[in-house]
Amino acid sequence: PYTTLFRSLNFYNFAEYMDPKILAEFKAKTGVKVNESYYESTEDMIAKLQHGGGAAQYDLVVVTDRAVPQMARLGLLAKLDHAQLPN
């Protein structure tokens, strides 16, 4: 059984990157609704997170490994709280 602090999760992802069935299965298993938004390019994603208030809008953002160093330099990443990750 899963426990969660969230009733919904705001998720930012590449367009057409993930099979919608995965998110449906996640909701079925956890009860957490996923509000998914899409971006077309890494540049668009970084611009929205940096200037469009996106950093406060999303709980989880899917990015490529190439984007991580730039995002770190821009202060767009948060450390994981491993105490909140039981598995």
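1. Let me start with glutamate 16, which is exposed at a relative accessible area of 81%; exposed here means over 50% relative accessible area, buried under 20%, and partly exposed in between, with a 1.4 Å probe and protein chains only. Glutamate 16 is found in the loop between S1 and H1, where helices (H or I, at least four residues) and strands (E, at least two) are DSSP runs numbered from the N terminus. Its backbone is worth a look: glutamate 16 has a positive phi of about 60° although it is not a glycine.

2. A word on the basis of these notes. This is a predicted model, in which local features need pLDDT of at least 70 and side-chain atom pairs count only at pLDDT 80 or more, while totals for chains, interfaces and linings use all residues. Residues are numbered from 1 along each chain as its sequence is written, and side-chain values use heavy atoms, with hydrogens and water left out.

3. Tyrosine 17 also belongs to the loop between strand S1 (8–14) and H1. Why does tyrosine 17 count as exposed? Because its relative accessibility is 56%. Along the chain, tyrosine 17 and valine 62 are 45 residues apart, yet their C-alpha atoms are separated by 9.4 Å.

4. Next, please look at the start of helix H1 (residues 20–30). Aspartate 19 caps this N-terminal end, with a side-chain oxygen 2.9 Å from the backbone nitrogen of lysine 21.

5. At the other end, threonine 30 lies in helix H1. Which backbone oxygen does the side chain of threonine 30 reach? That of phenylalanine 26, at 2.7 Å. The side chain of threonine 30 also reaches the backbone nitrogen of valine 32, at 3.1 Å.

6. Finally, asparagine 35 lies in strand S2 (residues 33–39) and is partly exposed, with a relative accessible area of 27%. Leaving aside residues up to four places away in sequence, asparagine 35 touches Ser8, Leu9, Asn10 and Phe11, a contact being heavy atoms within 4.5 Å. With asparagine 10 there is a side-chain to side-chain polar contact at 3.0 Å. A polar contact is a pair of N or O atoms within 3.5 Å; within protein, one must be able to donate a hydrogen and the other to accept it, and residues adjacent in sequence count only if both atoms are side-chain atoms. Asparagine 35 and tyrosine 12, 23 residues apart in sequence, are 8.5 Å apart from C-alpha to C-alpha.
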